[in-house]
Amino acid sequence: MRPWPGWGLRGLWTAVGVCTTVGFVLQIWGGPFHRRSSSPRGGPPGPWGAPGPQCSPRDHLVFLKTHKTGSSSVLSLLHRYGDRRNLTFALPARYQFGYPRPFQASRVKGYDPQARPPQRYHILCHHMRFNLPEVLRLMPADSFFFSIVRDPASLAASAFSYYRSVSSAFRAAPSLQAFLAAPRRFYRPGGRGDHYARNLLWFDFGLPLPGPEAPAEPRRAARPPGPPRDAGASRPSPGPSPDGPGPRPPAAPSAGARPTGRPGPDPDPVVGGDGPPPSSPSSLPARFVRRALEWVDATFDLVLVAEHFDESLVLLAAALCWELEDVVGFVHNARATGGGRGHGVGERHPLTAVRARAWNDLDWALYLHANRSLWARAERFGLGRLASGVAELRARRAALAGRCLLGGGAVEPGRIADRGLRPFQFGTAGILGYAVRGGLAPRDREACLQLARPELQYKDWLDAKQFGRRTAEGGGGVR
């Protein structure tokens, strides 16, 4: 081998060694933040119902179903969309893919890793802890990846109510306020079920926690970048989340409003409680958080925001080149008004939101980033066009509720005569469901059942459809 001009043999081998070392380090660093190859995003969508020549409906879909974010309502849309088009679902043997362990392709019912050609599915959408390399073993390269996040302030209240019996930290606390006032009194890393008690979104996304390889940086440089404060700008009112009662998400922004992307004030220092305050995004290592959020952007084509649920659905329909009616559905897994059953959830305590965001610092950073990204997409889409789409979406939802549902909305499970439509009850808050009106024509009844069917029963229905097991008429009774 002849050295390049001006290079000695030792210099050449030194350069080779440096390149090899750099490549090895990048591979190690890339492990926890493994990325997927860019998938085609498709051309711009045409008018609703008439896709343009460069826009074809997407039916290879990966939905990371996060906990207590309104994800059951999105899952209902995917169930219905795939059911109507006879698409294949990657289904769990029961109802989750081995959660809280990271997702493994081997947990998909009927999956054969030795099959040739390799098995591929249209839709992967049930609860998992995200694990990209294993997901890519199942899903086509052009799959559309999306998920949903929620403000940790409201997510914490919902998680406390729902998972109190399975989280040792929550179970030990007399109330949510008591837990958030001194969380380290109750929380121990690795405690049974305690992934529900801190940074649940971050956990579901499969992101690693800060460690020795990501040292803390000065506080002034560590806050995740956010949009500037704009005293003259308005933003949409957060309104009730999809976990709230009834199928009415928050109000749409007016055509002239310019959202700032800020879901609320930055977390203030925690007041009261014993010991040091929980960390906030300003104490996180900025480079670590930035790399994690860059990975999210590189992996997910869209992240929905629960506080702007209808706006998210309109943007999702446009991104997938779907008809608007494909994202018209009812809110599922909503808690009954009044929340917990005597456990002092206390969501409206004035410090609850501040403390919840500070304790769930990684989730708060992720939420801020996703909310900012969503509204940047909304501005590209056109805020007037978005407001029109949201208005039409809500009008169609109201019409379907009036046509399909007894009482026109969600009801307590005891009022649902069809046991196949009663949602699974868990935690300290009642879960609402839907009773379908009688006297409907067979075709209308089936369409209404698809809208009203709870997620567990719908999963059983799809399981029977793909694997030949007969289930109850109401939608596959849970067994």
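Visitor: Which residues of helix α14 are buried?
Guide: In this predicted model, helix α14 covers residues 442-452, and its buried residues are Cys448, Leu449, Gln450, Leu451 and Ala452.

Visitor: Which residue is bonded to cysteine 448?
Guide: Cysteine 448 forms a disulfide with cysteine 404, the sulfur atoms being 2.0 Å apart. The link is left-handed, with -70 degrees about the S-S bond. Because cysteine 404 lies in helix α13 and cysteine 448 in helix α14, the pair ties together parts that are 44 residues apart in sequence.

Visitor: Are those two cysteines buried or exposed?
Guide: Cysteine 404 is buried, at a relative accessible area of 1%. Cysteine 448 is buried as well, at 2% relative accessibility.

Visitor: How many disulfides are there in total?
Guide: The count is two. Cysteine 55 and cysteine 321 form a disulfide with their sulfur atoms 1.9 Å apart. Cysteine 55 sits in the loop between α1 (9-30) and β1, and cysteine 321 in the loop between α10 (309-320) and β5 (335-340), so this pair ties together parts that are 266 residues apart in sequence. Both cysteine 55 and cysteine 321 are buried.

Visitor: What is the pairing, in sequence order?
Guide: With the bonded cysteines of the protein chain numbered in sequence order, the pairing is 1-2, 3-4.

Visitor: Turning to strand β3, why is it described as largely enclosed?
Guide: Six of the six residues of β3 (residues 144-149) are buried, so the strand is largely enclosed by the rest of the structure. Phe144, Phe146 and Ile148 are buried on one side, and Phe145, Ser147 and Val149 on the other.

Visitor: Which strands pair with it?
Guide: Strand β1 (residues 61-64) pairs with β3 in the parallel sense over four bridges, with leucine 64 opposite serine 147. Strand β4 (residues 302-305) also pairs with β3 in the parallel sense over four bridges. There, valine 305 is the bridge partner of valine 149.

Visitor: What about confidence; where does pLDDT stay under 50?
Guide: The protein chain averages a pLDDT of 76, and 67% of the residues score at least 70. Residues 1-7 stay under 50, and the model has seven contacts beyond four places in sequence for them. Residues 39-52 also stay under 50, with 30 such contacts. Where pLDDT is low, the predicted coordinates should not be read in detail.

Terms used. Residues numbered from 1 in each chain as written. Predicted model: local features only at pLDDT ≥ 70, side-chain atom pairs only at ≥ 80, totals over all residues. Heavy atoms only, no water. Buried < 20%, exposed > 50% of the residue type's maximum accessible area, 1.4 Å probe, protein only. Helix = DSSP H or I, 4+ residues; strand = E, 2+ residues; numbered from the N terminus. pLDDT = per-residue confidence, 0-100. Contact = heavy atoms within 4.5 Å. Pairing = 2+ DSSP bridges. Disulfide = S-S within 2.5 Å.
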